[in-house]
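Morning, everyone. Please bring the structure up on the screen, and we'll go through it together.

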Amino acid sequence: MQGKEKQPESGEKKPSGSVSALRNAAEIEAKRAREAELRERKRQAAAEDAAYHAREEYAKELAEEKVDLIRLKQGVIEDSDKVFREEAPEKHYTLLQRIGNWFYHAKWWLGIASFLVLLGAFLIYDIVTRENPDLSVLLLSASNELDYESPQLCSWLTTMSEDFNGDGEVLVKSVYIPVCEATMDVGGNTGAAYTTQLYVQFQSDTCMLVLVDAESEPYLEPDEMFVSMEKLYPECPLADGVKLHVDQTNFASLAGLSSPLKEGSYLALRKPEETMNTQLEMQEAYRRAKALLDQIVPQLQETEVTQE
């Protein structure tokens with residue numbers, strides 16, 4: 001019928017008002033976001049510009065201060081409002097604080113000084129208390145009894161010695177080294193120690209008079225080390241080359257020893273050759289030992305024990 005309006009086909013959809021509202025809301029939100037982004041960019045640009053100007057101003061102030069400081073040092077100007085000379089207030093310390101501060105800064109030097117003082121005190125004590133014998137006798141033997149009874153031997157020798165060092169006291173000491181196969185050929189530190197002791201004694205002037213037994217002799221060079229007893233005491237029957245035989249005498253009883261000396265024991269006198277000591281020192285040590293030996297020989301001749 002012509003009077004009726006044309007109805008829409010069933011496949012067509014009417015425009016929805018909700019769709020337009022969503023589009024409008026999206027557009028509004030995008031506009032707001034855009035405006036917010038523009039505002040943030042402006043804020044950042046302003047902040048960067050302010051920071052730049054602040055840096056420029058600070059650099060300018062530093063440059064002006066540097067210029068004024070140089071002019072102050074050169075005496076061009078006497079004062080500047082750009083250079084501030086703030087002096088720290090003087091700190092006052094108590095007496096204990098000053099002492100503690102001094103010790104803190106001087107602790108290394110104090111440590112070194114303390115060590116030197118202690119070392120000096122030890123050396124002085126050692127020198128003051130050390131016994132200074134008029135001479136010493138070297139005992140080379142495998143007999144431990146000889147070492148144990150060496151004080152008796154030294155006491156006997158002291159009765160025949162002189163006060164060579166002028167200290168008002170006569171004193172004879174002994175140095176014992178166990179020279180034999182059991183000690184010298186063991187190897188290791190023990191053998192090296194005894195070998196070193198023997199070497200040191202024959203390089204110093206401490207002991208010029210030597211008592212040797214048969215077990216010790218292989219480790220010596222008697223003809224090179226000792227003087228001829230036959231030349232020193234040509235009338236003495238005990239003299240044999242560089243040896244003065246004492247094993248067949250009652251040397252042991254004269255010396256206060258509890259048992260006879262080992263077979264082959266003899267007294268020898270070292271040659272006064274220059275070693276670690278000067279020739280003059282060696283000659284003086286030889287003279288003292290020879291003077292003591294001169295006192296021993298007559299007594300041995302009087303008390304000689306002959307073999308049957």
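Start with arginine 34. Its relative accessible area is 44%, so arginine 34 is partly exposed. Some cut-offs: buried is under 20% relative accessible area, exposed is over 50%, and partly exposed is in between, using a 1.4 Å probe and protein chains only.

Now, some ground rules. This is a predicted model, where local features need pLDDT of at least 70 and side-chain atom pairs count only at pLDDT 80 or more, while totals for chains, interfaces and linings use all residues. Residues are numbered from 1 along each chain as its sequence is written, and side-chain values use heavy atoms, with hydrogens and water left out.

What is pLDDT? It is the predictor's confidence in each residue, from 0 to 100. The protein chain averages 79, and 79% of the residues score at least 70. Among its elements, strand β6, residues 266-269, has the highest mean, at 95. Helix α3 has the lowest mean, at 69. Helices here are DSSP runs of H or I with at least four residues, strands are runs of E with at least two, and both are numbered from the N terminus.

Look at the ends. Residues 1-16 stay under 50 in pLDDT, and the model gives them zero contacts beyond four places in sequence. Residues 304-308 also stay under 50, with eight such contacts. A contact means heavy atoms within 4.5 Å. Where pLDDT is low, the predicted coordinates should not be read in detail.

Next, the overall picture. The protein chain has eleven helices and six strands. It has 308 residues, and 29% of them count as buried. Take contacts between residues at least 6 apart in sequence: 68% of them join residues at least 24 apart.

Now the charges. Side chains of opposite charge can pair when their charged atoms come close. The rule for a salt bridge is a side-chain nitrogen of Lys or Arg within 4 Å of a carboxyl oxygen of Asp or Glu. How many salt bridges does that rule give? Eight.

Back to arginine 34. Its salt-bridge partner is glutamate 37, with the closest N and O atoms 3.9 Å apart. Both sit in helix α1, residues 17-74. They are three residues apart, about one turn of the helix. Glutamate 37 is partly exposed, at 33%.

Helix α11, residues 279-302, holds a pair too: glutamate 284 and arginine 288, four residues apart, about one turn of the helix. Their closest N and O atoms are 3.1 Å apart in the salt bridge. Glutamate 284 has 29% relative accessibility, so it counts as partly exposed. Arginine 288 has 19%, so it counts as buried. As for networks, salt bridges with shared partners join Arg34, Glu37 and Arg41 into one.

Another pair is lysine 262 and glutamate 215, with closest N and O atoms 2.8 Å apart in their salt bridge. Lysine 262 is in the loop between α10 (251-254) and β6, and glutamate 215 is in the loop between β3 and α8, so this pair ties together parts 47 residues apart in sequence.

Buried or exposed? Serine 216 is buried, because its relative accessibility is 0%. Its side chain makes a polar contact of 3.0 Å with the side chain of aspartate 213. A polar contact is a pair of N or O atoms within 3.5 Å; within protein, one must be able to donate a hydrogen and the other to accept it, and residues adjacent in sequence count only if both atoms are side-chain atoms. A polar atom of the serine 216 side chain is also 3.4 Å from the backbone nitrogen of serine 141.

Last stop, leucine 267, in strand β6. With 3% relative accessible area, leucine 267 is buried. Beyond four places in sequence, its contacts include Val210, Met229, Phe251 and Ile296. Lysine 243 is 24 residues away along the chain, yet its C-alpha atom is 6.0 Å from that of leucine 267.
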